[in-house]
Amino acid sequence: MNTSAMAQSGRFRARRMARGSVTEGAARAGFAARGVIYLLVGALALQIAFGDTGRQADRGGALQELAQKPFGAVLLWALGIGLVGMALWRLSEVLFGSVGKDGRSARKRLMATVRFAFYVFVAYSVLTFAISRHQSGGSSDEQSRDATARALEIPGGQWLVGAAGLAVIGAGGWIAVRAVLRKYHDKLRLGQMSRRTRQLVDVTGVVGGAARGLVFAVAGIFAVRAAVDYEPDKAKGLDDTLRSFADTPLGPWLLVCVAAGLVLFGVFSFAMARWRRV
């Protein structure tokens, strides 16, 4: 190999390593930001379960809570930037593929595209909040009802809302089943963990993932009911979905269990930030 070819190869490897380190940093910042949001939402839901019904257990409530802390503005910006990092990492998976033997398959790229769009929306809402310091878009419940009402007004709206609800139910079931089966093991650097650490990560991953999946599935059920009854008010955002667990025969204790699960999922997100293969 001549000197020119060696130099070109060296520059290519350097660019690839630089891109890899930037992508890895963005992904780990994103998982940490996701962990903060789930920790706060779970903590707020726990407060609701124990009688503090004035709280709002959704992303908006979590941001309000964070804004009231010392250096709240700095924390909000750090959270938003972390979520931008998550979106950029998902975009890199769309463009270059993800880890794993089928990381470049069409299915994985499609899933990465959906996640990229989702985190763009979440990052935008957090950064908008950081700028304005008020929840201009309303609560998750208001947003859900408004979106459902607009969808029901268009031709075939009932079918659209119903299909979206079924998709959310399916996503919730998929999330819960994968968590229980510990499918996340494929994405973790298990060799870098001690046996005790793996056990703790499994507790947070299984319980937290199952709770997260359950919340998704119940929200989807409410969307389907709204479509069938043609009543947008029956659609629920995260806050109302969580509150609905307290209205079951098990009372607030079911909400306590689900809220604790969301807290554990927040902890699991921190574990992903540390040991996730990117």
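## Salt bridge between the domains

A salt bridge is a side-chain nitrogen of Lys or Arg within 4 Å of a carboxyl oxygen of Asp or Glu. In this predicted model, one salt bridge is counted between domain 1 and domain 2.

The side chains of Arg145 and Asp240 form a salt bridge, with an N to O distance of 3.4 Å. This value lies within the 4 Å limit.

## The two domains

The protein is divided into two parts: domain 1 covers residues 27–146, and domain 2 covers residues 154–277. Taken over C-alpha atoms, the centres of domain 1 and domain 2 are 15 Å apart. To their contact, domain 1 contributes 30 residues and domain 2 contributes 33 residues.

## Buried area

Between them, domain 1 and domain 2 bury about 2600 Å², and 63% of this area is on carbon and sulfur atoms. On the side of domain 1, the residues that lose the most area to domain 2 are Arg28, Tyr38 and Arg145, which together account for 25% of what that side buries. Arg145 also takes part in the salt bridge with Asp240.

## Polar contacts and contributing helices

Nine residue pairs are in polar contact across the interface of domain 1 and domain 2, with both residues at pLDDT 80 or more. On the side of domain 1 that touches domain 2, the elements giving two or more residues are helix H1 (3–49), helix H3 (72–96), helix H4 (106–132) and helix H5 (140–153). H1 gives the most to this side, with 15 residues.

By residue class, the side of domain 1 that touches domain 2 consists of 16 nonpolar, six polar and eight charged residues.

Notes:
Residues are numbered from 1 along each chain as its sequence is written. This is a predicted model: local features need pLDDT of at least 70, side-chain atom pairs count only at pLDDT 80 or more; totals for chains, interfaces and linings use all residues. Side-chain values use heavy atoms; hydrogens and water are left out. Domain bounds come from an automatic or database domain assignment. Contact means heavy atoms within 4.5 Å. Buried area is the accessible area (1.4 Å probe) that two parts lose on being put together, summed over both. A polar contact is a pair of N or O atoms within 3.5 Å; within protein, one must be able to donate a hydrogen and the other to accept it, and residues adjacent in sequence count only if both atoms are side-chain atoms. Helices (H or I, at least four residues) and strands (E, at least two) are DSSP runs, numbered from the N terminus. Ala, Val, Leu, Ile, Met, Phe, Trp, Tyr, Cys and Pro count as nonpolar, Asp, Glu, Lys and Arg as charged, and the others, Gly among them, as polar.
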